[in-house]
Amino acid sequence: LFERAFTGFIHPSYSNLDRPTRLVLLHASEASLKRCPYCIETAARIAGLMHAEGSHDLALEMLEHYARQLLEMIPKDRYVHVDYGFLDNRPFHRLMHAYVLLLHEVGRNDDARKIAESMVALHPNDNIGFRFLIEGQNKE
């Protein structure tokens with residue numbers, strides 16, 4: 001299940017691009033992120049490109065950096081609903097999904113499960129499918 005899900009982390013066209021084109025896209029995205037360091041959609045793209053280049057540690061470092069900051073922003077003293085239906089919330093959900101998949105890929109299954117469970121708690125409707133990743137771990 002995780003292996004099938006992980007292919008969605010990397011934009012389908014990334015794997016079809018030749019390496020020089022991927023590197024140009026990576027460098028352009030990195031320059032963009034320097035200008036706008038809070039654009040989590042760009043951070044997720046960079047992580048996907050790094051993953052496509054085989055730099056799994058760097059991809060994980062990028063996602064972990066943003067995931068920690070984003071999760072720290074969510075109040076712990078009350079229930080918060082982060083609805084995927086609101087377009088502004090989707091980059092957060094996509095970045096966290098990629099983070100869970102990469103955690104699993106590097107063998108940090110307990111961390112992946114905790115994040116996936118916290119994402120389901122933030123949005124019980126779970127349009128992005130964190131619950132299926134949790135169920136997939138239960139079957140392994």
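Which side chains meet in a salt bridge at 2.8 Å, N to O, together with R108? In this model, which is a predicted one, the partner is E64, whose side chain meets that of R108 in a salt bridge. The pair links distant parts of the chain, since E64 sits in helix 4 while R108 sits in the loop between helix 5 and helix 6, 44 residues apart. E64 is buried, with a relative accessible area of 12%, whereas R108, at 28%, counts as partly exposed. Salt bridges that share partners also join E64 and R108 with R68 and D111 into one network.

Let me stay with salt bridges for a moment. The count comes to nine, and one of them pairs E53 with R22, with the closest N and O atoms 2.8 Å apart. Because E53 lies in the loop between helix 3 and helix 4 and R22 lies in helix 2, this pair ties together parts that are 31 residues apart in sequence. R22 is buried, at a relative accessible area of 13%. By contrast, R78 and D77, whose side chains meet in a salt bridge at 3.3 Å, N to O, are both exposed.

Now to the nonpolar core. The largest one has 37 residues, and those with the most contacts inside it include F92, L95, M96 and Y99. Helix 5 gives the most to this core, with nine residues.

Finally, H97 is found in helix 5 and counts as buried, at 14% relative accessibility. Not counting residues up to four places away in sequence, H97 touches I128, F130 and L133.

Conventions. Residues numbered from 1 in each chain as written. Predicted model: local features only at pLDDT ≥ 70, side-chain atom pairs only at ≥ 80, totals over all residues. Heavy atoms only, no water. Core = buried A, V, L, I, M, F, W, Y, C linked by side-chain atoms within 4.5 Å. Buried < 20%, exposed > 50% of the residue type's maximum accessible area, 1.4 Å probe, protein only. Helix = DSSP H or I, 4+ residues; strand = E, 2+ residues; numbered from the N terminus. Contact = heavy atoms within 4.5 Å. Salt bridge = Lys/Arg side-chain N within 4 Å of Asp/Glu carboxyl O.
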